[in-house]
Amino acid sequence: MANVTVIGAQWGDEGKGKLVDWLSNRADVVVRFQGGHNAGHTLVVGNQVYKLSLLPSGVVQGKLSVIGNGVVVDPWHLLEEIAKLGGQGVNITPELLVLADNACLILPLHRDLDQAREAAAVNKIGTTGRGIGPAYEDKVGRRAIRVDDLRDRDALEAKIDRLLAHHTPLRRGLGLPEYDGAQLLAALEEIAPKILPFAQPAWKLLDGVVKSGKRVLFEGAQGALLDVDHGTYPYVTSSNTVAGQAAAGSGLGPKGPGYVLGIVKAYTTRVGEGPFPTELFDEVGQHLGTVGKEFGVVTGRARRCGWFDAVLVRQSVALNGIDGIALTKLDILDGLPTLKICVGYKLRGETLDYLPAGLKDQSAIEPIYEEMEGWSESTAGATSWKDLPANAVKYVRRVEELIGAPAAMVSTSPQRDDTIMVRDPFQD
Ligand code: IMP
């Protein structure tokens, strides 16, 4: 299969950055297809740490990188991230980065709305506060400003008027000051010449890339359980995060995504609010958070931690059409005497083998655990199965069995090369 799609199979933060960076080496083009700068991808290359939120990870390797139409783009943030990477020696030019001209923009008023709603809400979602949800609302409401609109001042002015006709009453209701359309127009005119050199019909470029036999790597952000349709709604992000979105969010068609690699953490974490059946509130949960350095890249928030939930990941394998997984952070389980894996749920006396759709049921289910013996040896930095203690191998095998997908890779540290490679997804 020529293309590979990498997606998070849990609630995000599975360690996609490292795997995408590693796979970028084998790809010709790297494409983001959903989300925005709510994502946080950490790439550790030697002694350099790169933290990306919006840029496709391929830029670090100097690979052609595309921000697809499915992404919502804060143009000011984009310029900041380009400048930040420039400071680390990564020079991002329009030859390296392509921005879909039909992608929708995140504007300051989206961020205002996101933050004001979170501040006012009784049941907070725990968003990243970066305006992602409101920007997607305007996209589906057919009133968004798109990248291509930056080319035409008059049309832009009319679109801003239309947008403000919607936002002004909303802002009033939340006690926010009236938004000045002229100021927004001036700000967009100011950045247009810096953004537009990157803009082009990305679908057309990708069509040509695929027809010339080149390999595309699709880089998912967040995770399947944050998907707006399939996740723990309403405690989700506002885009489709599942692998199928790689097609719609890039314009490459349904055969585009190719081999689907699900990134799966050896335990479970979640940032923000919402149901989390295997969440731990004891010292084991604290241990996972501390040893696993479980703090958000974007917001710095501590992540909630819990045991591996095989039910959720099995569901994710189905929803994404996962061909193989990359199991990450196995080394964080080193030294725990007993490990638990959730194999089913109890709900009002019944046993369930899937996560029910309703929030009430999702909050009421109780995990059914299977226990396994842990290992005392270190697995950090292992690069082959024989480097792993027998109980660690047993753990991986049991995970594969329970979720119904094989491990294509096992990642054993944040370093690029600390990986047990079973099969190269590009050669599958
Ligand atoms: P939003 O995407 O900022 O609207 O936030 C909605 C939910 O998705 C919140 O629970 C966030 O914590 C979560 N979220 C958004 N981006 C990420 C991510 O990259 N990793 C993990 N959680 C995320």
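Gly 12 counts as buried, at 4% relative accessibility; buried means under 20% relative accessible area, exposed over 50%, and partly exposed in between, with a 1.4 Å probe and protein chains only. Gly 12 sits in the loop between strand S1 (4-8) and helix H1. Helices (H or I, at least four residues) and strands (E, at least two) are DSSP runs, numbered from the N terminus.

The model is predicted: local features need pLDDT of at least 70, side-chain atom pairs count only at pLDDT 80 or more, and totals for chains, interfaces and linings use all residues. Residues are numbered from 1 along each chain as its sequence is written, and side-chain values use heavy atoms, with hydrogens and water left out.

Leaving aside neighbours within four places in sequence, Gly 12 is in contact with Gln 222, Gly 223, Leu 226 and Thr 269. Contact means heavy atoms within 4.5 Å. Between the C-alpha atoms of Gly 12 and Asp 387 there are 28 Å in space, and the two are 375 residues apart in sequence.

**The ligand**

The ligand has 16 residues around it, of which Asp 13, Asn 38, Thr 128, Thr 237 and Arg 301 come nearest. A residue is near a molecule or strand if one of its heavy atoms lies within 4 Å of it. By type, the shell divides into 6 nonpolar, 8 polar and 2 charged residues. In this division Ala, Val, Leu, Ile, Met, Phe, Trp, Tyr, Cys and Pro count as nonpolar, Asp, Glu, Lys and Arg as charged, and the others, Gly among them, as polar.

| Side chain | Ligand atom | Distance |
|---|---|---|
| Thr 128 | oxygen | 2.6 Å |
| Gln 222 | nitrogen | 3.2 Å |
| Thr 237 | oxygen | 2.6 Å |

On its own the ligand has 480 Å² of accessible area, and the protein covers 96% of this. Accessible areas come from the Shrake-Rupley method with a 1.4 Å probe; for residues, only the protein chains shown count as cover.

Gln 222 lies in the loop between S10 and H8. It is buried, at 9% relative accessibility. Its phi is positive, near 60°, although the residue is not a glycine. Most residues other than glycine have a negative phi, and most peptide bonds are trans.

The side chain of Gln 222 also makes a polar contact with the side chain of Gln 34, at 3.2 Å. Gln 34 belongs to the loop between strand S2 (29-32) and strand S3 (41-45), and its relative accessibility is 0%, which counts as buried. A polar atom of the Gln 34 side chain lies 2.5 Å from the backbone nitrogen of Ala 221. Beyond four places in sequence, the residues that Gln 34 touches include Val 71, Tyr 136, Ser 239 and Gln 245.

**Other backbone features**

The loop between strand S10 (216-219) and helix H8 (245-248) also holds Pro 234. The peptide bond from Tyr 233 to Pro 234 is cis, with omega near 5°.

Arg 142 is not a glycine, yet has a positive phi of about 60°. Its place is in the loop between helix H4 (132-140) and helix H5 (153-173). Arg 142 is exposed, at 71% relative accessibility.

**Cores and Asn 391**

The largest nonpolar core has 91 residues, of which Leu 78, Ile 92, Leu 330 and Tyr 395 touch the most other members. A nonpolar core is a set of buried Ala, Val, Leu, Ile, Met, Phe, Trp, Tyr and Cys residues joined through side-chain atoms within 4.5 Å.

Asn 391 is found in helix H12 (residues 390-403) and is buried, with a relative accessible area of 16%. A polar atom of its side chain lies 2.8 Å from the backbone oxygen of Gly 374. Setting aside neighbours within four places in sequence, Asn 391 is in contact with Glu 373, Gly 374 and Trp 375.

Key. A polar contact is a pair of N or O atoms within 3.5 Å; within protein, one must be able to donate a hydrogen and the other to accept it, and residues adjacent in sequence count only if both atoms are side-chain atoms.
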